[in-house]
Amino acid sequence: MYRSDAPFPVYSARQLKDRYERYGLDPRSTHPWLFDQESLSSFGQSGVLELFRGLRIRPEHRVLSLGEGHGAPSRLLVKTVGCRVTGVDVVPRQVACARELARFIGLSGRLEYLCQDVHDLDLGRRRFDRLYANDTMCHWSDKAAALKGAARYLAPGALAGAHDWLLGDEGDLELAARRLPQMRGTFQRGVFFQETLVGMARAFEAAGFEVLEASDLTRAIDRVMRRRLAALRRLEKSLAPGDHRWIAYFKGMVRAHFRFFRYGRVIARLSAPSRSSR
């Protein structure tokens, strides 16, 4: 969804390995700067870990991740909890990167990645205890249908959660790209289907889930992003080639906050087993 030539660097596995070495990062660790290098998530490592805690994920669980990207959330989850994760993403190069990095840090036995569209899942006989989607539902054209399809593979009473980019007070990010010079060219066109927090919760309910939490996190994420921007400005001279683009990216994002997108979290429980999965 991000353009390869956009203000925010979208790294390949080789580029990430180079950055591990440059910044002295152990890819097997849970250092927050490592997650910042690997992930495009606006919620940051602390926010993603909070989502995982809300889902009460245990080592024996099998977890389904939708819209996984190149695997940063699932790697973090396996490192901190020790469960098994199946990550799904529609972009082949993202899936290839996730697989390569899982092998590189020795987690292939607990991580698998499938290249599929969330609207047309075919997970065979796999069954899962938990489901999460991080920064991705805003790209789903039919959120309720995608969640309903995923629910077929969940155990009765399974918990599901999502972090997402919500509709802003004035419109969406397509409108932001037209109104804010800082946002032009950052994203591909036609890839945003943002909803309000209420609309996001209703998508879970329409898919057979009981919503346990629906929270607007915009103010908290805005504060975190502004601190990240200030830190990058201080470190600008020591950043790896290309990493200075983060500064332009975050400057554009904080200008779009509230007006063109908000951040939300929903946690829900599957109300009843789906007959089609039996």
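Ser65 is in contact (heavy atoms within 4.5 Å) with Val85, Thr86, Gly87, Val88 and Tyr132, leaving aside residues up to four places away in sequence. The model is predicted: local features need pLDDT of at least 70, side-chain atom pairs count only at pLDDT 80 or more, and totals for chains, interfaces and linings use all residues. Residues are numbered from 1 along each chain as its sequence is written, and side-chain values use heavy atoms, without hydrogens and water.

**Ser65 and its strand**
- Ser65 belongs to strand β1, residues 62-66; strands (E, at least two residues) and helices (H or I, at least four) are DSSP runs numbered from the N terminus.
- Ser65 counts as buried because its relative accessibility is 1%, where buried means under 20% relative accessible area with a 1.4 Å probe and protein chains only, exposed over 50%, and partly exposed in between.

**The sheet**
- Seven strands form an open sheet with mixed pairing, in the order β3-β2-β1-β4-β5-β7-β6; two strands pair if DSSP finds at least two bridges between them.
- Strands β3 (111-115) and β6 (209-216) are the edges, each pairing on one side only.
- Strand β1 pairs with β4 (residues 128-134) in the parallel sense over four bridges.
- Val63 stands opposite Arg130 in β4.

**Helices on the sheet**
- Helix α5 (residues 92-104) packs on the sheet, touching β2 (84-89) and β3, and its direction makes about 165 degrees with that of β3.
- Helix α6 (residues 143-151) also packs on the sheet, where it touches β1, β4, β5 (154-167), β6 and β7 (261-270); the direction of α6 makes about 155 degrees with that of β5.
- Axes are lines fitted to C-alpha atoms, for helices over the stretch in contact, and angles run from 0 to 180 degrees between N-to-C directions.
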